[in-house]
Amino acid sequence: MPIEDQSGRAVYWGTGRRKSSVARVRLIPGNGELKINGKKGDLYLQFNAGYISAAKAPLETLGLENEYDILVNVHGGGLTGQAESIRLGVARALCELDPSNRQPLKVEGFLTRDPRSKERKKYGLRKARKAPQYSKR
């Protein structure tokens, strides 16, 4: 069930997470514009084609890249984690838009949350696993 904004347009929400990045994604009927934290998407993602295509990949899979605007609030992590969290958020919003979108997105792997994150540092070690140099004498 979509939520409507002030102008009466349907808004579809999705949340994506990756490492320490969290992206809150809104899909609004439009012309394929990507806006991240109030900036144009290509400017925010530093004109990196890999990041931009990753963020828009779920829409391209379904052939909807020029039918919905993507509005994103994202924080935490670096650009790679943020782009991948946006991808997950867009895919989840597309599932909310139409449940039949779930199958093609699932096949492409866009609905899988990547559980990998940074391992914590342990006491007695320099990093998570790096130990101080060992000397017998």
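Helices (H or I, at least four residues) and strands (E, at least two) are taken as DSSP runs, numbered from the N terminus. The model is a predicted one, in which local features require pLDDT of at least 70 and side-chain atom pairs count only at pLDDT 80 or more, whereas totals for chains, interfaces and linings use all residues. Residues are numbered from 1 along each chain as its sequence is written, and side-chain values use heavy atoms, with hydrogens and water left out.

Six strands form an open sheet in the order β1-β2-β3-β6-β4-β5, with mixed pairing; two strands are considered paired if DSSP finds at least two bridges between them. The edges are formed by β1 (3-4) and β5 (39-40), each of which pairs on one side only. Helix α3 packs on this sheet and touches β2, β3, β4 and β6, contact being defined as heavy atoms within 4.5 Å. The direction of α3 makes about 140° with that of β2, where axes are lines fitted to C-alpha atoms, for helices over the stretch in contact, and angles run from 0 to 180 degrees between N-to-C directions.

Strands of a sheet pair through backbone hydrogen bonds, either parallel or antiparallel. Both senses involve β6. Strand β3 (residues 21-29) pairs with β6 (residues 68-75) in the antiparallel sense over eight bridges. Within β6, Tyr68 stands opposite Pro29, and Leu71 is the bridge partner of Arg26. Strand β4 (residues 34-36) pairs with β6 in the parallel sense over three bridges, and here Leu71 stands opposite Lys35.

The C-alpha atoms of Lys39 and Leu71 are separated by 9.7 Å, the two residues being 32 apart along the chain. Lys39 has a relative accessible area of 45% and is therefore partly exposed, on a scale in which buried means under 20%, exposed over 50% and partly exposed in between (1.4 Å probe, protein chains only). When residues up to four places away in sequence are not counted, Lys39 touches Leu34 and Tyr44.

The largest nonpolar core contains 26 residues, of which Ile36, Ile70 and Val72 touch the most other members. Such a core is a set of buried Ala, Val, Leu, Ile, Met, Phe, Trp, Tyr and Cys residues joined through side-chain atoms within 4.5 Å. Two or more residues are given to this core by each of β3, β4, α2 (49-62), β6 and α3 (79-97), and α3 gives the most, with six residues. Outside the four places on either side in sequence, Ile36 touches Gly41, Tyr44, Leu45, Val72, Val74 and Ile86.

Ser85 lies in helix α3. With a relative accessible area of 0%, Ser85 is classed as buried. Not counting residues up to four places away in sequence, Ser85 touches Gly16, Arg17, Arg18, Ser21, Val22, Ala23 and Val74.

Five salt bridges are found in a search of the whole structure, a salt bridge being a side-chain nitrogen of Lys or Arg within 4 Å of a carboxyl oxygen of Asp or Glu. One of them joins Asp114 to Arg18, with the closest N and O atoms 3.4 Å apart. This pair links distant parts of the chain, since Asp114 lies in the segment after α4 (102-108) and Arg18 in strand β2 (residues 10-18), 96 residues apart. Asp114 and Arg18 are both buried. A network of salt bridges links Arg18, Glu84, Asp114 and Arg116.

Glu119 takes part in two of the contacts described here, with Lys122 and with Arg129. The salt bridge between Lys122 and Glu119 has an N to O distance of 2.5 Å, while in the pair of Glu119 and Arg129 the closest N and O atoms are 3.0 Å apart. Glu119 and Arg129 both belong to the segment after α4 and are ten residues apart. Glu119 is partly exposed because its relative accessible area is 36%. Lys122 likewise counts as partly exposed, at 25% relative accessibility, whereas Arg129, at 68%, counts as exposed.
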